[in-house]
Amino acid sequence: MDLKGFEQAGRHTAGDTRSVKVMIAGGFGTGKTTMVRSVSDIKPLTTEETLTQASAAVDHLIGVADKEETTVSLDFGKIGINDSLVLYLFGTPGQERFWFLWNGLFKGALGAVVLVDTRRLASSFRAIEEMERQKVPFVIALNVFPDSKHYPVDEIRDALDIPEHIPVVAFDARDRAASRDVLVTLIHHLRERSAVAVESR
C-alpha cells in the first residue's frame with residue numbers, strides 16, 4: 001500500500017514502520033469489542049464488565065436483550081496492515097454514561113470506524129455527531145447481525161445523513177478478514193482525503 005500522504009501522521013517505529021491510532025466507535029451493543037477481538041494480532045485488552053439489573057435503568061437493552069457484558073473504559077488491540085503500517089485500535093464505550101471518556105480517547109487519532117447496527121440506527125447518531133464535532137475522519141461499518149434485515153447502502157446513507165465521500169460498508173465484526181477490510185477502507189479514505197488536501201493548497 002502506498003502511504004504517500006501520511007508523512008505528518010502517526011509515529012515511526014523500528015524498521016521505519018509507521019504506527020497510527022484508530023478509533024473503533026459506535027453506539028451501545030454495535031460490536032466494537034467483537035471487532036477489536038476478531039482483528040487484533042495480539043490478545044486485546046478489554047474492560048468489559050457484567051451487565052446487572054442495577055444498570056437496567058441507564059443501559060437500555062432494547063434490541064440487545066441478550067447482551068451480558070459492556071465496555072466501561074476502552075478496548076485496545078493492534079494489527080499490522082503490512083510491513084510499513086501498524087494500527088493501534090482503541091474501542092470506545094458505547095453507553096451514554098461513559099461518553100465523557102471519548103475526548104481523551106480521541107486525542108491523537110488519525111481516523112475512526114463507526115459501527116452501526118441497522119436494527120437500531122439511532123444508537124449510532126451520537127457517535128457520528130462526535131466524529132463531526134472532533135473533526136475526525138471516519139468510515140461507516142454496518143455490522144450485519146444474524147437477524148439484521150438487508151438494506152441498500154444508499155438507504156442507510158440517507159437515513160444516517162452520511163455524505164457521499166464517506167465510505168459505507170457492510171461487514172461481520174466476528175470475521176477477521178472482514179474487519180481487516182474495513183480498516184483498509186479507512187486507510188484508503190484517509191489517503192484520499194490527504195491527497196485532496198495537498199491538491200487544494
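The exercises below work through the fold, a hairpin, the salt bridges and a charged patch of a predicted model.

**Exercise 1. State how many helices and strands the protein chain has, and in what pattern they follow one another.**

Solution. Step 1: the protein chain holds five helices and nine strands. Step 2: read along the sequence, these elements follow the pattern β-β-α-β-β-β-β-α-β-α-β-α-β-α. Step 3: of the 201 residues in the protein chain, 48% are buried.

**Exercise 2. Describe how strands β5 and β6 are paired.**

Solution. Step 1: β5 covers residues 75-82 and β6 covers residues 85-91. Step 2: the two strands run antiparallel and are joined by seven bridges. Step 3: two residues lie between β5 and β6, and the strands form a hairpin. Step 4: within this pairing, K78 stands opposite Y88 in β6.

**Exercise 3. Explain which parts of the chain the salt bridge between D147 and R119 ties together.**

Solution. Step 1: the side chains of D147 and R119 meet at 2.7 Å, N to O. Step 2: D147 lies in the loop between β8 (138-143) and α4, while R119 lies in the loop between β7 (111-116) and α3, so the pair ties together parts that are 28 residues apart in sequence. Step 3: D147 counts as exposed at 53% relative accessibility, and R119 as partly exposed at 31%. Step 4: D147 and R119 belong to a network of salt bridges that also links D117 and R120. Step 5: the count of salt bridges comes to seven.

**Exercise 4. List the residues of the negative surface patch and say which helix supplies the largest share.**

Solution. Step 1: the patch gathers E129, E132, D154, E155, D158, D161 and E164. Step 2: α3 (125-134) and α4 (153-160) each supply at least two of its residues. Step 3: the largest share, three residues, comes from α4. Step 4: E132 is placed in helix α3 and counts as partly exposed, at 46% relative accessibility.

Key: Residues numbered from 1 in each chain as written. Predicted model: local features only at pLDDT ≥ 70, side-chain atom pairs only at ≥ 80, totals over all residues. Heavy atoms only, no water. Patch = residues over 30% accessible without salt bridge, like charges linked within 9 Å, V, L, I, M, F, W, Y side chains within 5 Å. Areas by Shrake-Rupley, 256 points an atom, 1.4 Å probe, with all protein chains shown as cover. Salt bridge = Lys/Arg side-chain N within 4 Å of Asp/Glu carboxyl O. Lys, Arg positive; Asp, Glu negative; His and termini not counted. Charge placed at Lys NZ, Arg CZ, Asp CG, Glu CD. Helix = DSSP H or I, 4+ residues; strand = E, 2+ residues; numbered from the N terminus. Buried < 20%, exposed > 50% of the residue type's maximum accessible area, 1.4 Å probe, protein only. Pairing = 2+ DSSP bridges.
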